[in-house]
Amino acid sequence: MADFIAGQLKDRVRIRPTVYSQFALFSERQVADLLQIAKDSHGDSRDYMGRQVLRAPDAVKSIVAESDVINCLAAEHGLVFRPDNEALLLYYQKSNWVPLHLDDQLEYEFNLLTMLRRVKASETSRTATYFWGADGEFMATDLRVGESVFFHASYTPHGRPPLPEGEEVVLLAVGMGRPRE
Ligand SMILES: [Fe+2]
């Protein structure tokens, strides 16, 4: 099924999922500040598609702007983004997950996920965001804190399996859209 969807969309995929190493896009300080804001505002999050989601407070948007990450990604990938973007905090605990899906292509076609907190039940435990790329290429990324993945979220089927007991994931998701025609 995922292969079928990915195959249908492959001509529209502009970039493959691209992983950025620890603190390459957000500094260690910025990641620590983002996590603190995420912890402080966790109580305001709502259950959405299997995990807790919060439209990020202005303090998060300020750090995103300060990092200049959106301009960096646009330049590196030869993309043009609208000035408006979306920042969400995603909280996963035991049994939380997100089913295979595509983001709304009319809103924010591209997405940048940055890991803010990752608690593992054991050193060998793995849990990942997964992607079906064009030509059935499967990719899974178990990001470390401070690592990011940038992907064409409207045309790359993606999801995350349920988290095991004792595990926790907190992500910042920044959505970017192309200019409206
Ligand atoms: Fe998504």
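Biologist: Where is F23 found?
Modeller: Helices (H or I, at least four residues) and strands (E, at least two) are DSSP runs, numbered from the N terminus. By these labels, F23 is found in the loop between β1 and α2.

Biologist: How are residues numbered, and what kind of model is this?
Modeller: Residues are counted from 1 along each chain as its sequence is written. Local features need pLDDT of at least 70, side-chain atom pairs count only at pLDDT 80 or more, totals for chains, interfaces and linings use all residues, and the model is predicted.

Biologist: What is the phi of F23, and is F23 buried, partly exposed or exposed?
Modeller: Phi of F23 is positive, near 65°, in a residue other than glycine. For burial, count other C-beta atoms, placed from the backbone, within 10 Å: 20 or more is buried, 12 or fewer is exposed, and in between is partly exposed. F23 has 15 such neighbours, so F23 counts as partly exposed.

Biologist: S95 also has a positive phi. Is S95 buried or exposed?
Modeller: S95 has a phi of about 75° and is not a glycine. S95 lies in the loop between β4 and β5 (98-101). Because S95 has 12 C-beta neighbours inside 10 Å, S95 counts as exposed.

Biologist: How far is the C-alpha atom of S62 from that of K120?
Modeller: S62 belongs to helix α3. S62 has 12 other C-beta atoms within 10 Å, so S62 is exposed. K120 is 58 residues apart from S62 along the chain, and their C-alpha atoms are separated by 30 Å.

Biologist: How many helices and strands are there, and in what order do seven strands form an open sheet?
Modeller: The chain has four helices and 11 strands. Two strands pair if DSSP finds at least two bridges between them. The open sheet is antiparallel, in the order β1-β9-β6-β11-β4-β3-β2.

Biologist: Which are its edge strands?
Modeller: An edge strand pairs on one side only. In this sheet, that describes β1 (18-20) and β2 (46-48).

Biologist: How many bridges join β6 to β11?
Modeller: β6 and β11 run antiparallel. V119 stands opposite E168 in β11. The bridges joining β6 to β11 number nine.

Biologist: Which residue in the hairpin of β2 and β3 takes a positive phi?
Modeller: Three bridges join β2 to β3 (residues 51-55). Y48 stands opposite R51 in β3. The hairpin has two residues between the strands, and a positive phi near 55° belongs to M49.

Biologist: What is the bridge partner of L54 in β4?
Modeller: Four bridges join β3 to β4, which run antiparallel. Within β4, the partner of L54 is L89.

Biologist: Which residues does V60 touch?
Modeller: Two residues are in contact if their C-beta atoms, placed from the backbone, lie within 7 Å. Leaving out residues up to four places away in sequence, V60 touches L34, I37, A87 and L172.
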